[in-house]
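Subject: Structure for you to look at

Hi,

Here is the structure I promised to pass on. Have a look at it first, then read on for what turned up in it.

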Amino acid sequence: FLIILDISRMYQHILQDNPTAAVRYYEAALDTFFSLSNNHTPKRASDVLPEHVREVQVSGFRRYTLRIAVFETGIYLIAAFAPGLPDAFKDAGTMRGLREVT
């Protein structure tokens, strides 16, 4: 549920200016997320967030990122962000998403 919700919001944002890019983003974001594995841990998302919250760049979309939570039980997508957003905004959105999965 959270995966589709955040990626869909970003899709709607991109769709306003470029429908073709919106479709490419949606597919790339899902591919990026589903290609993650417990064997590769992306960089830590932020010093103010828990250690298990990581950030990964969406393949083919420079500076568009996904924030994920890596637990022993699995990897969860908790937020998706466009470039240029302040870190405080991204951290707050990440915390909201993290509360949904814990």
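Before the details, one definition: two strands count as paired if DSSP finds at least two bridges between them. Also keep in mind that this is a predicted model.

With that in hand, start with β2 and β3: they run antiparallel and are joined by 7 bridges. In general, the strands of a sheet pair through backbone hydrogen bonds, in either a parallel or an antiparallel way.

Now zoom out to the sheet. It is an open one of 3 strands, in the order β1-β2-β3, with antiparallel pairing. From one strand to the next, the twist averages 30 degrees.

Then come the helices. α2 lies across β1, β2 and β3, and runs at about 25 degrees to β2. Helix α3 (residues 87-101) also packs on the sheet, where it touches β1, β2 and β3, and its direction makes about 145 degrees with that of β3.

What about the inside? The largest nonpolar core has 20 residues, and I14, Y25, V58, Y64 and L66 are the ones touching the most other members. Two or more residues each come from α1 (2-15), α2 (19-34), β2 (65-71) and β3 (74-81). α2 gives the largest share, 7 residues. Apart from this core there is another one, of 6 residues, including A45, L49, V53 and A69.

Beyond four places in sequence, its contacts include M10, I14, Y25, V58 and F81. Y64 also forms one aromatic cluster with Y25 and F61.

Next, F81, which sits in strand β3. Is F81 buried or exposed? It counts as buried, because its relative accessibility is 5% and the cut-off for buried is under 20%. F81 and L66 are 15 residues apart in sequence, yet 6.4 Å apart in space, C-alpha to C-alpha.

Last, the aromatic pairs: the whole structure has 7 of them. One is F33 with F34, an edge-to-face pair at 5.2 Å centre to centre, with 70 degrees between the planes. F33 is buried, at 7% relative accessible area, whereas F34 counts as exposed, at 57%.

Terms used. Residues numbered from 1 in each chain as written. Predicted model: local features only at pLDDT ≥ 70, side-chain atom pairs only at ≥ 80, totals over all residues. Heavy atoms only, no water. Phe/Tyr/Trp six-rings, centres within 6.5 Å; stacked < 30°, edge-to-face > 60°. Buried < 20%, exposed > 50% of the residue type's maximum accessible area, 1.4 Å probe, protein only. Core = buried A, V, L, I, M, F, W, Y, C linked by side-chain atoms within 4.5 Å. Helix = DSSP H or I, 4+ residues; strand = E, 2+ residues; numbered from the N terminus. Contact = heavy atoms within 4.5 Å. Axes fitted to C-alpha atoms, helices over the stretch in contact; angles between N-to-C directions.
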